[in-house]
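Have the viewer open as you read.

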Amino acid sequence: MTDHDATTDAPAARPSLRQRLRHELVTPESIYGTIIVSALIVVVDDGESDFRLMIGVGSTVLVFWLAHVFAFTVAHHGRRGGTELGVAAALGRALTHSTGLLLAAVVPMIVLGLGALGVVDEDSAYLGALWVGVIVLFLLGVLAFAERGARWYSCLTGGVATALLGVAVILLKAVFH
């Protein structure tokens, strides 16, 4: 018999699909990115074609992402707590950490792309891109509450509360334009 606790020899439990999705997708960056993309769609619109809207939103998200990567790298490299993190390692962590910001733009950009290509009319693509943000925020909220072990109705309530932020962005568009 050994001196250590038997639980240390047990293999780590494999996370469920829901847990993996939650940890990979429900990040501050993906939530922040979804809100930014929705707000950009509202602000950049101003009668632009879906193609020009897509270019404006995409390039702005790219600038935000680059700024986030830069800030994370600068803030995390160097010596802390007795360990040293080089610039390359900090950059690697920054790239991994900030992925959600870029991923948040993918689905709305696809929807705008469908409008730009004429697959759907541009007004429908514009509204669809906005509502995709609301749906994504709802799903991110549901996943976050589910990870905490909340009951199904709490998960739905959390999803609705998170989605309301997306609705608020759409309502601001209606009020200010």
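At 8% relative accessibility, S30 falls under the 20% cut-off and so counts as buried. This is a predicted model, and in it S30 sits in helix α2, which covers residues 28–45. The S30 side chain reaches back to the backbone oxygen of T27, at 3.0 Å. Setting aside residues up to four places away in sequence, S30 touches L25, G100, L101, A104 and L140.

Now over to D50, which is found in helix α3, residues 50–76. With 2% relative accessibility, D50 counts as buried too. Here are the two side by side:

| Residue | Helix | Relative accessibility |
|---|---|---|
| S30 | α2 (residues 28–45) | 8% |
| D50 | α3 (residues 50–76) | 2% |

Who does D50 meet? Leaving out neighbours within four places in sequence, D50 is in contact with L112, G115, A116, E122, A125 and Y126.

How do α5 and α6 run relative to each other, parallel or antiparallel? The axes of α5 (residues 99–116) and α6 (residues 122–147) come within 8 Å and cross at roughly 175 degrees. That angle is over 145 degrees, so the pair is roughly antiparallel.

Technical notes:
Residues are numbered from 1 along each chain as its sequence is written. This is a predicted model: local features need pLDDT of at least 70, side-chain atom pairs count only at pLDDT 80 or more; totals for chains, interfaces and linings use all residues. Side-chain values use heavy atoms; hydrogens and water are left out. Axes are lines fitted to C-alpha atoms, for helices over the stretch in contact, and angles run from 0 to 180 degrees between N-to-C directions. Helices (H or I, at least four residues) and strands (E, at least two) are DSSP runs, numbered from the N terminus. Angles under 35 degrees count as roughly parallel, over 145 as roughly antiparallel, 65 to 115 as roughly perpendicular and the rest as oblique. Buried means under 20% relative accessible area, exposed over 50%, partly exposed in between (1.4 Å probe, protein chains only). A polar contact is a pair of N or O atoms within 3.5 Å; within protein, one must be able to donate a hydrogen and the other to accept it, and residues adjacent in sequence count only if both atoms are side-chain atoms. Contact means heavy atoms within 4.5 Å.
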